Amino acid sequence: MRGDVLFYDWDSDGTYDHSAIVVVYARDPDSRIKGVLQDQHTTDRKWAIWHLKPYNLNPLSTIIIAVRPQ
């Protein structure tokens, strides 16, 4: 849902390494995958697919959680 905060643990070590905000349901302009998109500042991506698989070198070891602010 728009406004959810996504936390990424790239190597499944229990420490979150990255975060992003869900912004829209649309097509990722780089990967062309349609789905929930997020914005982030680490690599200044606007509208990247939420799971980041096209950009993640280790997708099998990545844990992602979503937190809905109250």
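Q: Leaving aside neighbours within four places in sequence, which residues is D4 in contact with?
A: Welcome to a predicted model, in which local features need pLDDT of at least 70 and side-chain atom pairs count only at pLDDT 80 or more, while totals for chains, interfaces and linings use all residues. Residues are numbered from 1 along each chain as its sequence is written, and side-chain values use heavy atoms, without hydrogens or water. Contact means heavy atoms within 4.5 Å. With those sequence neighbours set aside, D4 touches A20, I21, V22, V67, R68 and P69.

Q: Is D4 buried or exposed?
A: D4 lies in the segment before β1, where strands (E, at least two residues) and helices (H or I, at least four) are DSSP runs numbered from the N terminus. Buried means under 20% relative accessible area, exposed over 50%, and partly exposed in between, using a 1.4 Å probe and protein chains only. At 6% relative accessible area, D4 is therefore buried.

Q: Which residue forms a salt bridge with D4?
A: Side chains of opposite charge can pair when their charged atoms come close. A salt bridge here is a side-chain nitrogen of Lys or Arg within 4 Å of a carboxyl oxygen of Asp or Glu, and the structure holds 1 of them. With the closest N and O atoms 2.9 Å apart, the partner of D4 is R68.

Q: What is the order of the strands in the open sheet?
A: Two strands pair if DSSP finds at least two bridges between them. β2 and β3 (residues 34-39) run antiparallel and are joined by 6 bridges, with Y25 standing opposite V36 in β3. The edge strands are β4 and β5, each pairing on one side only. The open sheet has 5 strands with antiparallel pairing, in the order β4-β3-β2-β1-β5.

Q: What is the accessible area of the nonpolar patch formed by Y16, I63, I65 and V67?
A: Patches are made of residues with over 30% relative accessible area and no salt bridge, joining like charges within 9 Å and nonpolar side chains (Val, Leu, Ile, Met, Phe, Trp, Tyr) within 5 Å. Y16 is found in the loop between β1 and β2, and counts as partly exposed because its relative accessibility is 42%. Areas come from the Shrake-Rupley method with a 1.4 Å probe; for residues, only the protein chains shown count as cover. Together, these four residues have about 310 Å².

Q: Is L57 buried or exposed?
A: L57 sits in the loop between β4 and β5. Its C-alpha atom is separated from that of V23 by 23 Å. Because its relative accessible area is 79%, L57 is exposed.
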